Amino acid sequence: MSSCQRVARPFIQSIHQHNLLLQTSTTIARSFSNTPARHDEVTPTSTTSATPPPPPPPSSTISSATSMNQLDAAAAAAESAKLRMQERLLDPNTTTAHWAERKLMRTGTPPVGSRRRRAALRSSENVPFEHLPYQCFQEARKILQEDRQEKLQALAKEVAKIKRLEETPADQLPGGQRKKDLRLKSLRAYVEELKILVDINDPIVKRRFEDGLGDMNKPIYRHLAEKKWRGLPYRVITQRIEQLSIVPDVFPKFDPVADVQLHFRRKKVEPGEILDSRVTEVSPRLKVQVFDAGKRLVSVAVVDLDVPNAETDSFDRRCHYLAANVPIGPDQPSLPLGKVDKETQLAVPWLPAFSQMGAPYHRLVVFVLEQKDGATLDIAKLRELYSGRDGFSLKSFQDKFPLKAVGVNIFRTIWDEGTAGVMERAGVPGADIQFKHKRVYSLKGPKKARGWEAKRTKPKYKSLWKYSKNIHGMNRRR
């Protein structure tokens, strides 16, 4: 330390102590904070001098508070915009996002129409379909309306003709009652055809059908639904029936006339698909779409066609589910197998699909059989006949009762990592059994070598072996 510093040090210390005393006297009321006092807090006063007012907040504090308020307002606006965007994307009439379509399907409100149509609706004004401002479209609608009026007049004439024929006694007609019944049947079929032709060209009808809003009690919507099913879905199911030999293994001949869709836990099963055995632990849901008018009663049978029998070295059949007297209709296609009445409809409860180790895949067929003339089956008799499950024959079941097979779906199962657990939970023995293929030996003896190679394998030609060692197929070890 220099001499100047030693001289000035006591003077600097005294100045510091004086400043410290001044600060303590001015902030004695709130010694641990620099913020101004609250309104309800009494500020101590001095008898000698008044306390100076608190200093105003710095400009930096005001600017920071303003910026924070602006940020909060911007965040709230962004959040509201995000919510509006989600609501718009989750609109089933205008959504085009894949994730939104999947979410709507999970919530039970599927998107309306095709994605292209929804995109067009979202980007255009909300104008009714029949009021679209296109001259060509409106002129075409006028022509279609005139054609519809002509067909309505023809329909009214045919209905009047049927009414007159019904009121005419059969003895006054040539051919008697038989000819009258045939004529009535022909006229009624023509009337049903005219009902379809009246609306077949109406764009409003086609739009409602494509959106899934058609009334299946009307002939036109049933006709459009059948036409759509007779395309790819019908060809696929008939191909699987032929490929998997459902015909003639189950019936000598069969042609489906109803669309039967199979769903396991919200998963739609394609015909012939191989399913994990754990998926089949819960009974499936069927969607049976019929294309003729009226309610009817059906029976549902699920049969395994490939149950191995080691004793006879063949395959048997097993009933996995059987229910009867289940009502369905064109507007009532849903048929959950787990929700049928256990007293009046369920004959054999659901058994999961399984296959033992080493066995080939099992074909499980889901047949829907219509009960003729609305006849009601005796559930007690069905339980008595088929409660054993084994040896169930669909053809015998159809012959014993007034039934007619109308629809089918197919899935397959194999041994997988969850099959043992499924069999244990279902109380089915045999999870520890493994099937092995027998090796079939040929009855023919070993074939002797022939030709040039056979001749030179003898010891006489040992000197030539070194030249033939690289010939493909020659035995190198003599």
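In this predicted model, the backbone oxygen of Met216 lies 3.3 Å from a polar atom of the Arg222 side chain. A polar atom of the Arg222 side chain is also 2.9 Å from the backbone oxygen of Asn217. The protein chain holds 15 helices and ten strands, and 31% of its 478 residues count as buried. Among contacts in the protein chain with a separation of 6 or more, 68% are between residues 24 or more positions apart.

**Arg222**

- Arg222 belongs to helix 8, which covers residues 219–229.
- Arg222 is buried and has no salt bridge.
- The nearest side chain of opposite charge is that of Glu192, 4.7 Å away; a salt bridge requires the nitrogen and the carboxyl oxygen to be within 4 Å.
- Not counting residues up to four places away in sequence, Arg222 touches Met216, Asn217, Phe291, Asp292, Ala293 and Pro330.
- Two residues of that contact list, Met216 and Asn217, are the ones whose backbone oxygens face polar atoms of the Arg222 side chain as described above.

- Four strands make up an open sheet with the order 2-1-4-7, and their pairing is antiparallel.
- Strand 2 (267–269) and strand 7 (334–336) are the edge strands; each has a single partner strand, so one side of each has no neighbour in the sheet.
- On average, neighbouring strands of this sheet are turned by 30 degrees against each other, direction ignored.
- Strands of a sheet pair through backbone hydrogen bonds, in either the parallel or the antiparallel sense.
- Strand 1 (residues 259–264) pairs with strand 2 over three bridges in the antiparallel sense.
- Within this pairing, Phe264 has Lys267 of strand 2 as its bridge partner, and Leu262 has Val269 of strand 2.
- The hairpin of strand 1 and strand 2 has two residues between the strands, and Arg265 in this hairpin takes a positive phi near 50 degrees.
- Strand 1 is joined to strand 4 (residues 285–289) by five bridges, and these two strands run antiparallel.
- His263 stands opposite Arg285 in strand 4.

**Burial of strand 1**

- Six of the six residues of strand 1 are buried, so the strand is largely enclosed by the rest of the structure.
- In a regular strand, side chains alternate between the two faces of the sheet.
- Both faces of strand 1 are covered: Asp259, Gln261 and His263 are buried on one side, and Val260, Leu262 and Phe264 are buried on the other.

- Thr95 sits in the loop between helix 2 (59–89) and helix 3 (98–106).
- Its relative accessible area is 0%, so Thr95 counts as buried.
- The C-alpha atoms of Thr95 and Arg118 are separated by 6.3 Å, although the two residues are 23 residues apart along the chain.
- Apart from neighbours within four places in sequence, Thr95 is in contact with Leu89, Ala100, Glu101, Leu104, Pro111 and Arg118.
- Glu101 and Arg118, both in contact with Thr95, are linked together with Arg115 in a network of salt bridges.

**Salt bridges**

- The whole structure contains 20 salt bridges.
- Side chains of opposite charge can pair when their charged atoms come close.
- Glu139 and Lys142 form a salt bridge, with their closest N and O atoms 3.6 Å apart.
- Both Glu139 and Lys142 lie in helix 5 (residues 135–167), three residues apart, which is about one turn of the helix.
- Glu139 is partly exposed at 38% relative accessibility, and Lys142 is partly exposed at 49%.
- Arg188 forms a salt bridge with Glu166, with closest N and O atoms 2.6 Å apart.
- This pair links distant parts of the chain, with Arg188 in helix 6 (residues 176–199) and Glu166 in helix 5, 22 residues apart.
- Arg188 is partly exposed at 41% relative accessibility, and Glu166 is partly exposed with a relative accessible area of 41%.
- Lys267, the bridge partner of Phe264 in strand 2, forms a salt bridge with Glu273, the closest N and O atoms being 3.1 Å apart.
- Lys267 is partly exposed with a relative accessible area of 36%, and Glu273 is partly exposed at 24% relative accessibility.

Note on methods:
Residues numbered from 1 in each chain as written. Predicted model: local features only at pLDDT ≥ 70, side-chain atom pairs only at ≥ 80, totals over all residues. Heavy atoms only, no water. Pairing = 2+ DSSP bridges. Axes fitted to C-alpha atoms, helices over the stretch in contact; angles between N-to-C directions. Buried < 20%, exposed > 50% of the residue type's maximum accessible area, 1.4 Å probe, protein only. Lys, Arg positive; Asp, Glu negative; His and termini not counted. Polar contact = N/O pair within 3.5 Å; in protein donor to acceptor, adjacent residues only side chain to side chain. Contact = heavy atoms within 4.5 Å.
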